[in-house]
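Here are my notes on the model you sent. Please read them with the structure open.

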Amino acid sequence: MSLDLGKLDGVVRRFDELNALLSSGELDGEGFAKMSREHAELAPVVEAIEAYKRLLSDLEEAEEILADPSGDRDMREMAETEKYEILEKLPEAERQMKLMLIPKDSADTKNAILEIRAGTGGEEAALFAADLYRMYQRYAEGRGWKFEQMDASENDLGGYKEVIVNVSGTDVFARLKFESGVHRVQRVPVTEGGGRIHTSAATVAVLPEAEEVDIRIDPKDLRIDTYRSQGAGGQHVNTTDSAVRITHIPTGVVAASQEAKSQHKNKEKAMKMLLSRLYDQERESKDSARAADRKSQVGSGDRSERIRTYNFPQGRVSDHRINLTLYRLDDFIAGGPSVDEMIDALIAEEQAQKLAEIEG
């Protein structure tokens with residue numbers, strides 16, 4: 001696929017329009033914020049377009065010199081060298097342009113709701129869910145993200161049956177969305193005396209954090225229940241009904257929070273979770289309709305898909321979507337640079353697939 005220069009010109013024109021609108025002083029606060037976001041997204045695209053068009057212009061000049069048989073010999077030699085250099089640079093410049101023109105996931109700039117649940121494997125699965133929780137917590141700290149627990153259900157051994165976190169910062173959903181799916185662990189459980197290797201699993205769901213503008217809810221469609229907070233083992237940890245459960249009646253979607261001592265704070269957290277779950281549900285139905293024939297699971301967020309195995313005896317972590325194995329499990333489970341290496345590889349694979357789609 002060769003690039004459509006008309007499409008590139010359209011992007012530049014839109015960028016110039018935004019420049020004029022932002023400096024006009026005619027926009028209200030909401031309009032200014034919206035246009036500023038679009039302007040910031042287009043700025044690197046326009047920079048790449050201009051660099052690409054400069055290459056085309058330089059190539060045209062070099063070819064004009066070479067097309068004139070009466071021209072100066074030294075000039076022709078210089079033009080020949082320049083043409084060779086430009087032709088070497090053009091494929092990569094064109095590839096970058098294609099990447100820039102791939103439609104962006106509108107949720108990529110959002111914060112995320114991270115949900116981790118113990119799967120098959122009993123107590124060991126809950127302990128593994130806690131390991132994943134700490135892994136993401138350290139990874140978030142390394143990237144300067146805020147990591148706030150919203151709700152949790154613990155067992156007596158310090159594992160999590162379920163834990164829900166709000167992660168906020170730059171490019172949170174863009175990177176964490178690849179973590180949705182079933183994570184499998186192979187190791188000798190601390191609960192096992194015989195030294196046998198067990199396999200257990202935890203499910204991770206990453207939802208883009210919805211804002212009120214993303215999804216509208218009629219208050220009449222909500223049922224709000226309050227109850228007493230419970231700790232590990234089911235004992236009450238609060239003497240007041242501070243825990244909150246919100247049910248969206250038309251869809252049956254439920255969100256609950258008992259982390260805060262204040263009922264108001266728990267209601268706020270539960271509402272944030274509910275909005276995000278409804279927004280995610282809406283996105284999923286659109287995505288499945290749009291990509292019904294796509295085979296790949298990379299970035300699809302399919303939570304029933306086994307995406308990764310953490311093998312402790314062999315010290316390896318393997319991602320099954322891209323067949324990548326890293327023999328740095330200690331660093332990975334500690335939320336170290338290996339996590340970024342895996343996510344970068346997943347992003348590169350997704351980009352390659354999208355390029356193949358628009359070229360195919």
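1. Secondary structure. Eight helices and eleven strands make up the assigned elements of the protein chain. The model is predicted, so please keep the confidence values in point 2 in view as you read on.

2. Confidence. The average pLDDT of the protein chain is 84. A score of at least 70 is reached by 88% of the residues. Where pLDDT is low, the predicted coordinates should not be read in detail.

3. The protein chain has 360 residues, and 41% of them count as buried. Take the contacts with a separation of 6 or more: 62% of these join residues 24 or more positions apart.

4. Main core. Which residues touch the most other members of the largest nonpolar core? They are L114, I116, L132, Y136, V167 and Y310, in a core of 57 residues. Helix α4, residues 122-142, is the top contributor to this core and gives nine residues.

5. Another core, of 20 residues, lies apart from the largest one. Its members include L42, V45, A48 and M97. In soluble globular proteins, nonpolar side chains tend to be buried together.

6. Leaving aside residues up to four places away in sequence, I116 touches A129, L132, Y133 and Y136, among others. Its partners also include K161, E162, V163, T203 and V204.

Key:
Residues numbered from 1 in each chain as written. Predicted model: local features only at pLDDT ≥ 70, side-chain atom pairs only at ≥ 80, totals over all residues. Heavy atoms only, no water. pLDDT = per-residue confidence, 0-100. Helix = DSSP H or I, 4+ residues; strand = E, 2+ residues; numbered from the N terminus. Buried < 20%, exposed > 50% of the residue type's maximum accessible area, 1.4 Å probe, protein only. Contact = heavy atoms within 4.5 Å. Core = buried A, V, L, I, M, F, W, Y, C linked by side-chain atoms within 4.5 Å.
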